[in-house]
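I want to look up a few local details and then the wider packing, one entry at a time.

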Amino acid sequence: MYRINLNKYKILVGLFGLLIIPKLAFASDPIYIQDVEGNPIPHALVKIGTEQVLTVGNDGSFELPDNLQEDQEIEIIAMGYDTRIFQARELSQVNKFNLREKIGQMEEVVVAATRTDRSVEDLPMPVTIITRKKIQETGGMRLSEILREQTGLQVVGDHGAGLQMQGLSSDYILILLDGEPLIGRTAGTFDLDRIAVSNIERIEVLRGPSSAIYGSEAMAGVINIITKKSQERIVANLESRYRSFNTLDLSGEIGMNQNDWNLYAYFNRFSTDGFDITPEVPGKTQSPYQASTAQFKIGKKTKKWNFKVYSRFYNENSENSMQVAGEGSLRLADLNGERMDLNLNPTISFRPNDQWQMTLRSMSSLFQTHTLTVFQEDGSILDEQDFKQHYHRTEFQTDLQLDSKQLITIGLGHLMETVEATRYDDNNRFDAGYVFLQHQWDPSEKWNLVTGVRADLHSQYGERISPKISGMYKFSERFSWQLSLGAGFKAPDFRQLLLNFNNASAGYYVFGANLVQQGIARLQSQGLVQQMLLNPSQFGQLEAESSRAINTGFRWKISGDLLFQGNFFQNNISNLIETAPVARLNSGQNAFSYFNIARVISRGAELDWTFRVSENLQFSLGYMYLDTKDLDVLEKIDAGELFRRDTQNRSRRVQRSDYGGLFNRSRHSGNVKINYQESSTGVNMALRGIYRGKFGFGDVNGNLILDESAEYAPGLISWNLSLNKALNNGIMIEAGGFNLFNQTTIHTPNNPGTILFAGMKLPIHQLINQNK
Amino acid sequence: MIKWNQILAGILLLAFNAGCESSEVEKPEIDAQAKTVENLYAPNDVIDRSTGEITEERPFRYFSLENNQETDNREGNWDIAFKGTTLIVNSGTSGSGSAQGTVVTAAFDELNEVPSSVEFHSDGADGMAIPTGSGNGWYNYNPGTHVISPIPGRVILIRTNAGNYAKMEILSYYQDNPPLAEVDPMSTPSPYYTFRFLLQPDGSMNF
């Protein structure tokens, strides 16, 4: 187990390299190693007998030595592919052959789980990898369109495209870009539509709490978006996709990888006319918007040092209109929104020898929004809001390879955040320091342990200790079982602490926890308070929301063509922050603040089957069962304090069996995916059926819980198809559609119905080389 | 315009009568019946939403539980009155009578006495007997759908001007008492109160 700077491959080469015996006197014609689609597989190993190993070049070719016995066995080994064994006679008669990809991306390297490189099959926790190829074949433009097709992940429209994982909402999922946290949330939601996908190399999905490494927010899990860097000497691509609702996505990238320098630049422009699922109401459901994303990465490697600077810029403009009630009539207003996002992420790492590696990294981010609402008739301003958040984190990480079985990671960090906003009071800087410690240990061939703990010291919520322990036992090469226990937390956000909001037309107030005391005192002095509903001594420090979770599951390679994986989880979450009324005002309305009041359980199972029927046909099935409950609601039901209405609207007691759990969670969800490569035309087809079962959309009968059939939105299945073909000159063309059978409900505002698309990718560097 | 429906008060009582003939003789006075009042129209004042000012004031609709009928004006012998989502009782700042009220959480049919812990209140500057505002008293307001839903399991207890106790449940705020799933606040007429109540005329706290 050597994970520093991962390179299992290099170690393999090193080992085998010693054995190479130089007797390649005569060479045959080159033989090419390809994947099933005909692309070259570079860097494979050709092992002849037990003694001789040939390396394979960038173009996937090698030449056989002449002096071989006809029945000599030759083994072809490549990472991520099934190994093949030939006899020398067979190989001498061909000029190319295929290797099949290993099923299920089990050898893919994951960074997010341990902050060191480690392959999926060695990780004792539930992790999935979405590869470049999978991203490409969905035909999606924004990150939400990729993640919604994964088992156990839902994308819910709530102040943007928010992710839901293990039944927990976007607030509790940490989003990383190349390992560094992204900021910028609206009402807790990180809008996945802010992220373009054409520069994504792979996505790591880590389920279960990871506060033991990442601290706040990593309560349900972590999404790590790893962007491309140049693998080839020179690379240049242009990509375009066009689809329904006049949506256009254009990308260009240029990369260079020479003399240990790596440069990569990317630009994306996205524009859409938006869509409207309620045409009878003025304004669109999805605002028309235009967004630009730019990314620049530069890196330089030496024997011991590695320098990297990554930067990203995002800008978005949206416009919409809406109807406002006022002065006895309905008036139309125009909405304009701007969002801007800037990240700068330099990293230096130093590796003096095989035991030590030190990394100093920082992430500086700015997230800014501006919204302006003006009346159409006279241009007068109805509302104007600004929001500006700064985030800065510096971290020093040391990895120490104690021996071949133990790797220790120590991290020390500081983070600083500030926010300025129309609705927030001043005094809005947070500081935090943290230290984390992790021990990865393989006590034997079959055992695999990762233990970690992190301590956070925060200016707002004090200190927190987050432990996690994960272990895996490999019963055989085919079957392993894993168990992971961890604690997660989420710090109160700016809104919960600093909001100072007064809805003038409805007459209610919302105060952040830091302001409620003075806010209520002010209302009292103005004579607006009729009655206090909570004792002011209950106002005070808002604590972090916290969870304890168990994840346990298995990976079972039933055969080389059939993989079955499962994970069972339970999250017990306490101290959830919700609003509660603190005072009743003379107007009859309330003043609210935030309190640690709710307790929730979310549990379920995530199951994935992958089956390769033949070389060019693969089939997979995913299913998630989810059960969520508010424990305080259960207590009230048991105490007989919750009621519902019968057909005559008379009150009846709610029974446990009536209770449907949390809103917006589907008990059943799943997917079926079929990938087919048509060999005569070279067309690749990916057909996916994505099912989201019925879910509660909101309260109808007045008791505020989910307990009645009228409170559920129906389940839907969205059939998505994409077809692509690579032409001989490297140009790739594609076409397809999402939600082909136009399944919609009013309760999924992010689902416009059927979308059709077509696209093209031009590999400029290949075209130039061909024309030389 | 208002129709009166009469409903027998509770299956429990029937079962009790059928199963236990001797007590039937001892308690002949248990003839209190729940009555349902349908479609009592009580429109709110007209308010300019941008300024919060009342542009047209409308009267409350006054109701006497004792007489099971409406009273013409504030000076009459009424117990409870309705306007918009606001409910007042005839005492304190609202009227010259002595009716008081409170709200408890219970099943209407199962509540067979006034709990001893209950305190009755008059309307006053420091609070209304039946609290106003979403979630405080008898209803919830959903800011997403704009629906007013009577909170299931909220029972209003009234001590009438005559000193008798009554329990009351608001069934609907919308015309013809539709299921809430069928209510569209833009098109379903409101406020049309449908409620049921049971008055114990003997002055005792049992229903």
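Which residue takes a positive phi just after helix 7 of chain A? I looked it up in this predicted model, and A:Gly527 is the one, with a phi of about 75°.

**Entry: helix 7.** I stayed with helix 7 of chain A, residues 516-525, and listed its buried residues: A:Val516, A:Gly519 and A:Ile520. They lie on the same side of the helix, because the arc they cover around the axis is only 95°. I then turned to the other side, where A:Ala521 and A:Ser525 are exposed. Next I asked what the buried residues of helix 7 of chain A pack against, and found strands 30, 31, 32, 34 and 35 of chain A.

**Entry: where the chains meet.** I found 31 residues of chain A in contact with 29 residues of chain B. On the chain A side, the elements giving two or more residues are strands 21, 32, 34, 37 and 38. Strand 37 of chain A (643-645) gives the most, with three residues. I also noted the make-up of the chain A side: seven nonpolar residues, 16 polar and eight charged.

**Entry: nonpolar cores.** The largest nonpolar core has 57 residues, and A:Ile173, A:Leu176 and A:Ile223 touch the most other members. I see that strand 13 of chain A, residues 173-177, gives the most to this core, with five residues. Leaving aside neighbours within four places in sequence, I listed the contacts of A:Ile173, among them A:Leu163, A:Met165, A:Ala220 and A:Ile223. Apart from this core I noted another, of 46 residues, including B:Ile151, B:Leu180, B:Phe195 and B:Leu199.

Terms used
Residues are numbered from 1 along each chain as its sequence is written. Chains are lettered from A and ligands numbered from 1 in the order in which they are written. This is a predicted model: local features need pLDDT of at least 70, side-chain atom pairs count only at pLDDT 80 or more; totals for chains, interfaces and linings use all residues. A residue is buried if 20 or more other C-beta atoms lie within 10 Å of its own, exposed if 12 or fewer, and partly exposed in between; C-beta atoms are placed from the backbone. Helices (H or I, at least four residues) and strands (E, at least two) are DSSP runs, numbered from the N terminus. The arc is that of the directions from the helix axis to the C-beta atoms. Two residues are in contact if their C-beta atoms, placed from the backbone, lie within 7 Å. Ala, Val, Leu, Ile, Met, Phe, Trp, Tyr, Cys and Pro count as nonpolar, Asp, Glu, Lys and Arg as charged, and the others, Gly among them, as polar. A nonpolar core is a set of buried Ala, Val, Leu, Ile, Met, Phe, Trp, Tyr and Cys residues joined through C-beta atoms within 7 Å.
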